[in-house]
Amino acid sequence: MLVKSSIIQKILRKLRLEIATEEKQPPFVIFHDSTLRDMAAKQPKNYNEFLKVSGVGNKKAEKYGDAFLRAIAEYTENEPTASFTETENNVATEEKKSKKV
């Protein structure tokens, strides 16, 4: 469970960084780390469930909900078919690529 949780958290943190960079904001302004942890734990499937994540209000849900819900949905769709090792390697490879750029 810890491995799966850390993978989804890395995915959500990467998305948060992309959004923050685009908006020229620090990542914590988008969502705090504790919000991403709760989001990873709850893995909301729709807007109403997204609103139940600690640190998500109407304004942030409207602004960022689609992107984060899409990322969670893609993760949950792909995770059952991928082994933990494959998923960890994919995340590690992406992190290495982003550091080289």
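Visitor: How many aromatic pairs does the rule for ring centres give?
Guide: The structure is a predicted model. Rings pair if their centres lie within 6.5 Å. By this rule, the count of aromatic pairs comes to three.

Visitor: Are the rings of phenylalanine 31 and phenylalanine 50 stacked or edge-to-face?
Guide: The ring centres of phenylalanine 31 and phenylalanine 50 are 6.1 Å apart, and their planes stand at 80°. Planes over 60 degrees apart count as edge-to-face. The pair of phenylalanine 31 and phenylalanine 50 is therefore edge-to-face.

Visitor: How many residues apart are phenylalanine 31 and phenylalanine 50?
Guide: Phenylalanine 31 lies in the loop between helix H2 (27–30) and helix H3 (33–42), while phenylalanine 50 belongs to helix H4 (residues 47–50). The pair thus links distant parts of the chain, 19 residues apart.

Visitor: Is phenylalanine 31 buried or exposed?
Guide: Phenylalanine 31 has a relative accessible area of 0%. Buried means under 20% relative accessible area, so phenylalanine 31 is buried.

Visitor: Which helix holds phenylalanine 68, the partner of phenylalanine 31 in an aromatic pair?
Guide: Phenylalanine 31 and phenylalanine 68 pair edge-to-face, at 5.1 Å centre to centre with 85° between the planes. The two residues are 37 residues apart, and the pair links the loop between H2 and H3 to helix H5 (residues 58–78). The helix that holds phenylalanine 68 is H5.

Visitor: Which residues form one aromatic cluster?
Guide: Phenylalanine 31 pairs with phenylalanine 50 and also with phenylalanine 68. One aromatic cluster is formed by Phe31, Phe50, Tyr64 and Phe68.

How values were computed:
Residues are numbered from 1 along each chain as its sequence is written. This is a predicted model: local features need pLDDT of at least 70, side-chain atom pairs count only at pLDDT 80 or more; totals for chains, interfaces and linings use all residues. Side-chain values use heavy atoms; hydrogens and water are left out. Rings of Phe, Tyr and Trp (its six-membered ring) pair if their centres lie within 6.5 Å; planes under 30 degrees apart count as stacked, over 60 as edge-to-face and the rest as tilted. Helices (H or I, at least four residues) and strands (E, at least two) are DSSP runs, numbered from the N terminus. Buried means under 20% relative accessible area, exposed over 50%, partly exposed in between (1.4 Å probe, protein chains only).
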